[in-house]
Amino acid sequence: MITLKENMRLVYEHKMPEYMPFMWDFNTAMLGGMDFVNERPNIPGTNKDWFGQEWTYEELTGACNPTPNRPLLTDITQWKDVLKFPDLDKLDWEGNAKKDTANWDRENKFSRITIGFGMWERLFSIMPFDDALCALVEEPEACYEFFGAVADHKIRLHELAIRYYQPDVLIMHDDYGNGMNLFMAPDTWRQLLKPHLQRIVDHVHSHGVFYEHHNCGYFEPIAQDMIDMGIDATNPVHVSNNIAHMKAAYGDKMVMLGGMDTQLFGRMNVTPEEIRESIRHSFEIMAPGGNYIPMAAVSYSAYGDLINEEFIRCGSQYYGPRPDQA
């Protein structure tokens with residue numbers, strides 16, 4: 001039987017794995033929570049990221065958001081005067097990578113790192129969201145230039161992260177949609193963001209690393225673009241997308257992680273059977289043919305153990321036995 005790492009590589013190469021891959025088959029590290037990569041401080045209180053944007057921790061959501069009424073930028077045409085990029089070479093990459101990967105099993109597990117806040121997320125983190133949307137229409141040239149500068153920063157950041165962490169997969173967050181639609185017209189995304197995202201994807205690939213894109217919400221209208229760009233995988237393929245259509249149209253071209261109704265999992269009055277039925281439904285659509293990794297934010301549900309248990313049960317119906325099931 002092949003190792004978890006060999007099995008996962010088959011998935012990212014768009015080949016059929018021997019057994020169902022799960023999220024716990026990865027070595028993982030998330031960079032960007034004010035540990036040393038300060039893309040977004042995610043600790044209690046009010047703190048600034050390395051660009052100077054102020055963030056405030058919210059107990060209800062368990063995360064930081066930009067402090068209300070304290071944007072770093074109000075006029076996109078002034079971004080060069082406001083946005084100062086950090087000197088990434090001054091960071092202790094070697095020491096932090098050694099600490100973060102100390103428990104990694106590189107021989108038997110696939111390794112992935114996540115770095116949040118791509119180009120669009122950076123804009124709406126330093127600028128009021130409605131103003132950022134207006135800027136796309138009113139000042140497209142300034143937005144394009146801004147996104148290009150942020151992409152250059154991400155490429156420098158990814159270069160160092162890949163050098164010291166040596167991942168198999170690099171994930172960048174850049175949410176392009178909400179629970180109903182894209183934040184912008186597809187052509188706006190194609191004109192202003194896609195060329196810079198392509199540079200990022202190509203850079204990651206140039207190091208022999210798979211590129212996975214995180215987008216929490218709806219992105220179906222640009223899914224083919226993402227495939228054409230060579231994006232290897234996407235998560236979490238939220239059910240705001242038509243997952244049956246996504247699987248039928250793109251299931252042999254891009255790894256899809258997720259496909260779960262995570263809102264249902266976190267609902268206060270949800271029953272265990274409703275959760276199991278929802279998972280079974282997702283597996284029926286997503287599991288056949290491979291290119292799929294079930295994924296759900298189980299830490300946000302009181303039924304985390306049940307969810308993982310159902311994942312294992314459903315996986316065994318579609319794939320061969322796993323090493324930990326032998």
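Which residue stands opposite His214 in S7? I started my notebook with that one, and the model I opened is a predicted one. I found His173 opposite His214.

**Entry on the neighbours of S7.** I looked up the strand pairing next. Strand S6, residues 169-173, pairs with S7 in the parallel sense, and I noted 5 bridges for this pair. I then turned to strand S8, residues 233-235, which runs parallel to S7 and is joined to it by 3 bridges.

**Entry on burial in S7.** How many of the 5 residues of strand S7 are buried? I got 5 of the 5 for residues 210-214, so the strand is largely enclosed by the rest of the structure. In a regular strand, side chains alternate between the two faces of the sheet. I checked the directions here: Phe210, Glu212 and His214 point one way from S7, while Tyr211 and His213 point the other way. Both sets are buried.

**Entry on the cysteines.** I went looking for disulfides and came away with a count of 0. Cys64 has 1% relative accessibility, so I wrote it down as buried. Cys314 is at 1% relative accessibility and therefore counts as buried.

Note on methods. Residues are numbered from 1 along each chain as its sequence is written. This is a predicted model: local features need pLDDT of at least 70, side-chain atom pairs count only at pLDDT 80 or more; totals for chains, interfaces and linings use all residues. Side-chain values use heavy atoms; hydrogens and water are left out. A disulfide is a pair of cysteine sulfur atoms within 2.5 Å. Buried means under 20% relative accessible area, exposed over 50%, partly exposed in between (1.4 Å probe, protein chains only). Helices (H or I, at least four residues) and strands (E, at least two) are DSSP runs, numbered from the N terminus. Two strands pair if DSSP finds at least two bridges between them.
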